[in-house]
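Dear colleague,

Please find the structure below, together with its sequence.

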Amino acid sequence: MGPFWRSAPLALHLPAHGRGRALAPDLRRLLRQPPGRWDLPELPGFGGPLEPEGTVAEAQQRAAALLGAERCWFGVNGASGLLQAALLALGPPGSRVLLPRNLHRSLLHACVLGGFEPLLYDLSSDPVTGLWQPPEPRRLERVLAATAADAGSPAVALVLVDPTYQGLAADLPALVALAHRAGLPVLVDQAHGGGEALAAGADLVVLSVQKSGTGLAQSAALLAQGERVATAAIERALLWLQTSSPSALLLASTAAALEHGASAAGRRQRQRAVARAGHLRRRLEGLDLPLVANGDPLRLVLATAPLGINGLEADTWLLERGVIAELPEPGALTFCLGLNPPRGVERRLPRHLEGLRRALGGPPLAAFTPPPLPLLAAPELPIGVAWRSPAEAIPLERAAGRVAAAPICPYPPGIPLLVPGERIDPARADWLLAQRRLWPGQIADTVSVVAGS
């Protein structure tokens, strides 16, 4: 690690508690106890996420009431584990599920575990930054029409990601209404949000309280409402995928973060953070530094491409100077300010970003090319079959015509550029080669393909 780690870095990354500055008060008190005292099993009276009685059950009931859900389950394997359980609750093996191209890779894993066929629907992307854009109602109408016209079995559910990692938000009420009119329950991956999807009518919502709340990493919650998804199916999937010995610390972290976020003190904490974030944004805009407009004031997204800088190179330069961003991408760099932004960030970050522009800036980067994908597509080979098949690694330059045996997935953000089972046509191969140049060090020179494909 570089020498700056020995000083105080400007940490603008997750968890949102900001290295402890914004931890929920109840969690902070718990962590002050002697080490290990909070490491408890599912004792009588304490219980666990699937127990009908006990402290955990009562905390889940309170959280559901605070967030406007009918039911709530805590998880200790992050939003990833709860997304997988939620998807498995939506249908039997062989089901087809509508998944956006900006899905988190954990949902691909759920398709393998559940024997699902993913119907991947395409999204628009911003040519300036290359960022996936939230689906518009008109586009979703086209997706649903294409799904209805498809010769295969009907889809059993729609999955949405909202907001995105960068805080971009869709018109959720309109999207959910369209899905419900088509007879589809809706699962919203709201790992980067606060449960707003419930008010929009979503049936299942997954939260990560370390990303938008004051909890520890791996603290998460699954919220449900309505009758479109059976409670028994959800609890069965949770039983399959969640540990039988959940961490009492992480359960307490989830409860404390959700209750604090809904409290008057939690609202004041967020208002203070938002006010500081607004001041910082105005200062950066006054310096003509291009920022991406989004719906989350605590996610600051610098558009590096207009400055002539690849976001990954910007991240490396800033790291050497003690500035730690959350998410570098070829056309943008995302900073997470958290619920108690670092001291002096309003002064320090503008200075560093001005230095970045002077050091690396140049003519704007070329417009980003969207992937050459159809509106709706399913892998040619079942995803679980492809991922388990004998595979060979070949140079990406020779991948055209072959079937992918593993995803290509820069991390973060954990969004697959290629899904196992997809046949790589020449246009897609050329696009992936361009992506490799844009993601230096993140995409290998070889791709895993199904042997003999």
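The face of α5 turned away from its buried side carries Arg138 and Ala149, both exposed (exposed means over 50% relative accessible area, buried under 20%, and partly exposed in between, with a 1.4 Å probe and protein chains only). Please note that this is a predicted model, in which local features need pLDDT of at least 70 and side-chain atom pairs count only at pLDDT 80 or more, while totals for chains, interfaces and linings use all residues. Residues are numbered from 1 along each chain as its sequence is written, and side-chain values use heavy atoms, with hydrogens and water left out.

The buried residues of α5 are Leu140, Val143, Leu144 and Thr147. Viewed down the helix axis, these residues fall within an arc of 95°, so they line one face of α5 (the arc is that of the directions from the helix axis to the C-beta atoms). They pack against β3 (96-100), β4 (117-121), β5 (155-161), α6 (172-181) and β13 (376-377), where contact means heavy atoms within 4.5 Å. Helices (H or I, at least four residues) and strands (E, at least two) are DSSP runs, numbered from the N terminus.

The length of α5 was also checked. Its 13 residues (137-149) should span 18 Å at 1.5 Å a residue, and the end C-alpha atoms are 18 Å apart, which agrees. The expected span is 1.5 Å times one less than the number of residues in the helix.

Turning to charged pairs, the count comes to 15 salt bridges, each defined as a side-chain nitrogen of Lys or Arg within 4 Å of a carboxyl oxygen of Asp or Glu. Three of them are described here:

- Glu259 and Arg62 meet at 2.9 Å, N to O. Glu259 lies in helix α8 (residues 248-262) and Arg62 in helix α2 (residues 55-67), so the pair ties together parts 197 residues apart in sequence. Glu259 is partly exposed at 25%, as is Arg62 at 40%.
- Asp150 and Arg96 have their closest N and O atoms 2.7 Å apart. Asp150 is in the loop between α5 and β5 and Arg96 in strand β3, 54 residues apart. Asp150 is partly exposed at 32%, whereas Arg96 is buried at 6%.
- Glu422 and Arg101 meet at 2.9 Å, N to O. Glu422 is buried at 7%, and Arg101 is buried at 4%.

Finally, Arg96, Glu117 and Asp150 are linked in a network of salt bridges.

Yours sincerely
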